[in-house]
Amino acid sequence: MNRKGGTRFPATVGLLALVAGLSTLFPLLSLVRGTPWASLPALASAPENLTAAALSLATASLACILSTVLGCALALVLARATGPLVAVLRALVLVPLVLPPVVSGLALVLAYGRQSLLSPLFETVGVQVVFTTSAVVLAQIFVSLPFVVLTLESAFRARGFAEERVAATLGARPMRVLHTVTLPRFAGPLLIAATLAFARSLGEFGATLTVAGSLAGTTRTLPLQIYLAREADLSHAVGLSILLVAFSLIVVSLAYARGPLNGEGEAR
């Protein structure tokens, strides 16, 4: 493995890096080893699995779009604002990263269920959120939004907004600056953020189960289908798991195909 900069690191660092890599690779390789490859085509084509996969892709795509748009706006505000309230807001936004999934789900149930402050409004317009496909998307946004904010705020702070200020002094309106300067400059980090949001949404399980349940064709995403299969046939669950891992690996690899991206979307 090549090291940039020509500097050497202690052997201990290399050993710890090896342990870190194996802590991820060994479970994945064990999953590959336990996969029933001969029955994989049948598993992939089973109607209930196709339905769950289609629902996962649809909800994860919608959650990805919404998380990226909302997260980009919030990251811009956090990157340009200062003060103690900004630090508090940042901490609150990142809390879902460390919450147990069931706690996230309970928070969503209280936010959008019958005990919600919005419940009278939902009843007036005849809308139900909990145990619907909308609840799946809300759960996915809740857990994926922090990845978008964390990725983009770091990129915004690293690069700064000097070019935006120049454009503004030349008479460009804020929306024009956003579309013609900011978004093109940060296309790389935006792609990474969107990919992380999609991958996290695709793998969301705990919060979804709590706030949306497991209704076939409505809220039973692929992770929920895997959990259900695990109770009846472990090999079935392993086969579906390897398909989800493979797809997630492809998505993330495509986003990082040019290597780690800096603020200009170029590989360093």
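The structure is a predicted model, in which local features need pLDDT of at least 70 and side-chain atom pairs count only at pLDDT 80 or more, while totals for chains, interfaces and linings use all residues. Residues are numbered from 1 along each chain as its sequence is written, and side-chain values use heavy atoms, with hydrogens and water left out. The chain has 13 helices and 0 strands, where helices (H or I, at least four residues) and strands (E, at least two) are DSSP runs numbered from the N terminus.

**Confidence**
- The mean pLDDT, the predictor's confidence in each residue from 0 to 100, is 91 for the chain, and 93% of its residues reach 70 or more.
- Over residues 262–268 the pLDDT is below 50, although this stretch has 20 contacts in the model beyond near neighbours in sequence, a contact being heavy atoms within 4.5 Å.
- Where pLDDT is low, the predicted coordinates should not be read in detail.

**Overall form**
- The C-alpha trace of the chain spans about 65 × 60 × 30 Å along its principal axes.
- Of the 268 residues in the chain, 38% are buried; buried means under 20% relative accessible area, exposed means over 50%, and partly exposed lies in between, using a 1.4 Å probe and protein chains only.
- Among contacts between residues at least 6 apart in sequence, 75% join residues at least 24 apart.
- Carbon and sulfur atoms account for 69% of the accessible surface of the chain, which comes to about 15,500 Å² by the Shrake-Rupley method with a 1.4 Å probe, where for residues only the protein chains shown count as cover.

**The largest pocket**
- The largest pocket has a volume of about 320 Å³; a pocket is an open set of points, on a 1 Å grid over the protein atoms alone, where a 1.4 Å probe fits, with protein on both sides within 12 Å along at least five of seven lines.
- Its lining, made of residues with an atom within 4 Å of a point, holds 16 residues, of which Leu76, Pro174, Val177, Leu178 and Thr182 lie nearest the centre of the pocket.
- Helices α3 (47–80), α8 (162–169) and α9 (174–185) each supply at least two lining residues, and the largest share, 6 residues, comes from α3.
- By class, the lining has 11 nonpolar, 2 polar and 3 charged residues, where Ala, Val, Leu, Ile, Met, Phe, Trp, Tyr, Cys and Pro count as nonpolar, Asp, Glu, Lys and Arg as charged, and the others, Gly among them, as polar.

**Single residues**
- Ala232 lies in helix α12 (residues 222–232) and counts as exposed because its relative accessibility is 75%.
- The C-alpha atoms of Ala232 and Ala216, 16 residues apart along the chain, are separated by 16 Å.
- Tyr227 also lies in helix α12, and it is partly exposed, with a relative accessible area of 38%.
- Between Tyr227 and Ser241, which are 14 residues apart in sequence, the C-alpha to C-alpha distance is 9.6 Å.
- Phe131, found in the loop between α6 (119–125) and α7 (133–159), has a phi near 65°, a positive value in a residue other than glycine, and at 43% relative accessibility Phe131 counts as partly exposed.

Note on methods:
Points joined across faces, edges and corners; volume = space filled by probe spheres on them.
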